[in-house]
Amino acid sequence: MTQSSHPVFCAIDTPDLDRARALVAAATAAGFGVKLGKEFFAAQGATGVRLAVPPGTPLFLDLKFHDIPNTVASALKAVAPLKPTFITLHASGGPGMLKAAAEAMREFGPDRPKLLGVTVLTSLDQSDLAAIGVSGSVEAQVLRLAKLAIDCGIDGIVAAPSEIGALRAALGPQAILVIPGIRPAGSAADDQKRVLTPAQALSAGASWLVIGRPITAAADPADAARAIASELATAA
Ligand code: C5P
């Protein structure tokens, strides 16, 4: 069994099976887990996940479920046999959906997949929230949805680097905080507006980090992943 030796998931954002397999190999060689999302899952499905990810590799299925409680619970049970460490769902699905999701995972025992709530997508600003009838700031909505998710039995939250401090303070030490928007010192921010280095995010209170393009868009992804692993080992 491969085990991740760093609290990092490499975001494998591709619909292509061969490319995914190559990137998974680069990430796991550095001791990282892998995150597969809608782009891969829509193209390759659960069979593709089994083909791309060796058993024992920490797997984050970023499927961001949001539907009526029964449908979300059934979808979660359908992907649980892939043995993901984490699966995402939208906290804005509300208490009924969140509780049904938490309940659906119970039958999978102590090693069950853990659920992560997505609060306000970082692509949304205050005017977008107003357009969908949400008054108040993005920050207030993030905190409201994060507390709701945890109260309903969800294990953790996916959050932007700028939200780590407020969420850790509001949710306490047990909540799992998984943080994208991470850039190793000196690498391009791409479209991420507020970034932290891996070491900064961990010392700010992140539990796990998600790192995509600094690895996947590098000329040599295995080398880029190894460099991040040694940056983390040095900072530890
Ligand atoms: O390439 P990069 O490191 O920016 O990839 C970040 C990953 O995290 C992508 O899969 C992206 O969809 C995801 N993500 C994000 N920001 C969020 C939530 C998820 O970048 N707020």
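**Note on the predicted model: ligand site and selected residues**

1. Ala166 is placed in helix α7, which spans residues 164-171. This is a predicted model. Ala166 counts as partly exposed, at 42% relative accessibility. From Ala166 to Ala201 the C-alpha distance is 13 Å, with a sequence separation of 35 residues.

2. The ligand sits in the largest pocket. Two elements each give two or more residues to the shell around the ligand: β8 (208-211) and α9 (213-216). The residues around the ligand include Val210, Ile211, Gly212, Arg213 and Pro214. Also around the ligand are Ala11, Asp13, Lys35, Thr122, Pro180, Arg183 and Gln192.

3. Sorted by class, that shell holds five nonpolar residues, four charged residues and three polar residues.

4. A side-chain N or O atom of Asp13 is 2.7 Å from an oxygen atom of the ligand. For Lys35, a polar side-chain atom lies 2.8 Å from a ligand oxygen. Gly212 takes part through its backbone, where an N or O atom lies 2.7 Å from an oxygen atom of the ligand. On its own the ligand has 470 Å² of accessible area, and the protein covers 80% of this.

5. Lys64, in strand β3 (residues 59-65), has a positive phi, near 40°. Its relative accessible area is 24%, so Lys64 is partly exposed. Asp190 also has a positive phi, of about 55°. Asp190 is located in the loop between β7 (176-179) and α8 (198-204), and its relative accessibility of 43% makes it partly exposed.

6. Is Thr28, at 19% relative accessibility, buried or exposed? Buried means under 20% relative accessible area, so Thr28, at 19%, counts as buried. Thr28 belongs to helix α1 (residues 17-29). A polar atom of the Thr28 side chain lies 3.3 Å from the backbone oxygen of Ala25.

7. Asp220 is in the loop between α9 and α10 (221-235). With 40% relative accessibility, Asp220 counts as partly exposed. A polar atom of the Asp220 side chain lies 3.2 Å from the backbone nitrogen of Ala222. How far apart in space are Asp220 and Gly136, C-alpha to C-alpha? The distance between Asp220 and Gly136 is 44 Å, and 84 residues separate them in sequence.

Technical notes
Residues are numbered from 1 along each chain as its sequence is written. This is a predicted model: local features need pLDDT of at least 70, side-chain atom pairs count only at pLDDT 80 or more; totals for chains, interfaces and linings use all residues. Side-chain values use heavy atoms; hydrogens and water are left out. A residue is near a molecule or strand if one of its heavy atoms lies within 4 Å of it. A polar contact is a pair of N or O atoms within 3.5 Å; within protein, one must be able to donate a hydrogen and the other to accept it, and residues adjacent in sequence count only if both atoms are side-chain atoms. Accessible areas come from the Shrake-Rupley method with a 1.4 Å probe; for residues, only the protein chains shown count as cover. On a 1 Å grid over the protein atoms alone, a cavity is a set of points where a 1.4 Å probe fits but cannot get out, and a pocket is an open set with protein on both sides within 12 Å along at least five of seven lines; lining residues have an atom within 4 Å of a point. A molecule sits in a cavity or pocket if more than half of its atoms lie within 2 Å of its grid points. Helices (H or I, at least four residues) and strands (E, at least two) are DSSP runs, numbered from the N terminus. Ala, Val, Leu, Ile, Met, Phe, Trp, Tyr, Cys and Pro count as nonpolar, Asp, Glu, Lys and Arg as charged, and the others, Gly among them, as polar. Buried means under 20% relative accessible area, exposed over 50%, partly exposed in between (1.4 Å probe, protein chains only).
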